[in-house]
Amino acid sequence: MKIKSFFAIVLLVFLNFSKVNAQINLGDKALGALQTGIAGFTFSNEDAAKLSKEAVRKMDSTNVVAGPKDGYTLRLNRIFGKHATENGLTLNYKVYLTKDVNAFATADGSVRVYSGLMDIMDDNQLLAVIGHEIGHVANEDTKDAMKAAYKKAALIGAVSSQSDKIAKLTDSQLGQIGNAMLDSKHSRKQESEADLFSYDFMKKHGYDVNAVESAFNLLATQSGGTSADFLTQMMSSHPDPKERAEKAKARAEKDGLYKAYVQKAINNKAVATKTTTKKKVVKKKK
């Protein structure tokens, strides 16, 4: 295909796509220029947060979210509610009701925990994993992941823009961005730094730091089925899970805090509240 013909097709696709409704205004900075031969684009923390918020909104609409009175929600509120603001971040959190073993945090501060993960981890182990995910936000790794996800989804849709607005996105493309964001893999360095953040998070708040080692060992024992994607994302392309567990153990030993961790009881059921009924007093007629 000749170069002129190629760019003519790209232009035609872009003009047709520009008729689609629903756009996200990301301010003055250009976020387009994605096609081959066009210069790279800037992507700020604010850009990542705004796009993440829209992508998570789409993911929330396509997943079964635990209601406010659900046992999973009540448990997450109990163990994580006090950390709605953490490290200068404002966090919002929900539970996806699925057997998948997963958890993620995005650049806008959204934290989503899968019920499958809550089924196999106690409170401290969950906090260690959530702390790890918050570390990716605090270290701006999620900004890089969102940038890569946007580029991937936009390229799939053959969309580019050089205006002050992000390319117009349909719900389908927001879904693509969400999936690309979840599929993105952090570097070894980013994972190691998030591991350290998790340990420091546990230590700072007085939780059992040995749960970090335990959580990694527990994840390492999971294989196949619905947990495979999470393990691939968090483990396979990064430092060996046993190595990460050993580093957490070494940190605890250095701090004089190490003790073999014993998993606590796990309860994701809503606690029934006792209702008291007052006996109606019947006055006797005189």
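Predicted model: local features only at pLDDT ≥ 70, side-chain atom pairs only at ≥ 80, totals over all residues.
## Helix α7

Helix α7 spans residues 171-183, a run of 13 residues. From its first C-alpha to its last the helix reaches 18 Å, close to the 18 Å expected at 1.5 Å a residue.

The buried residues of α7 are Gln 173, Leu 174, Gly 175, Ile 177, Gly 178, Ala 180, Met 181 and Leu 182.

## A salt bridge within helix α2

The count of salt bridges comes to 12. One of them joins the side chains of Glu 54 and Arg 57, at 3.2 Å from N to O. Both residues lie in helix α2 (residues 45-62), 3 residues apart, which is about one turn of the helix.

Glu 54 has a relative accessible area of 24%, so Glu 54 counts as partly exposed. Arg 57 is also partly exposed, because its relative accessibility is 39%, and the limits for that class are 20% and 50%.

## Salt bridges between helices

Asp 123 and Arg 78 meet through their side chains in a salt bridge of 2.9 Å, N to O.

A salt bridge of 3.0 Å, N to O, connects the side chains of Arg 244 and Glu 191. Arg 244 lies in helix α11 (residues 241-254) and Glu 191 in helix α8 (residues 188-204), so the pair ties together parts 53 residues apart in sequence. Arg 244 and Glu 191 are both buried.

Methods. Residues numbered from 1 in each chain as written. Heavy atoms only, no water. Helix = DSSP H or I, 4+ residues; strand = E, 2+ residues; numbered from the N terminus. Expected span 1.5 Å × (residues − 1). Buried < 20%, exposed > 50% of the residue type's maximum accessible area, 1.4 Å probe, protein only. Salt bridge = Lys/Arg side-chain N within 4 Å of Asp/Glu carboxyl O.
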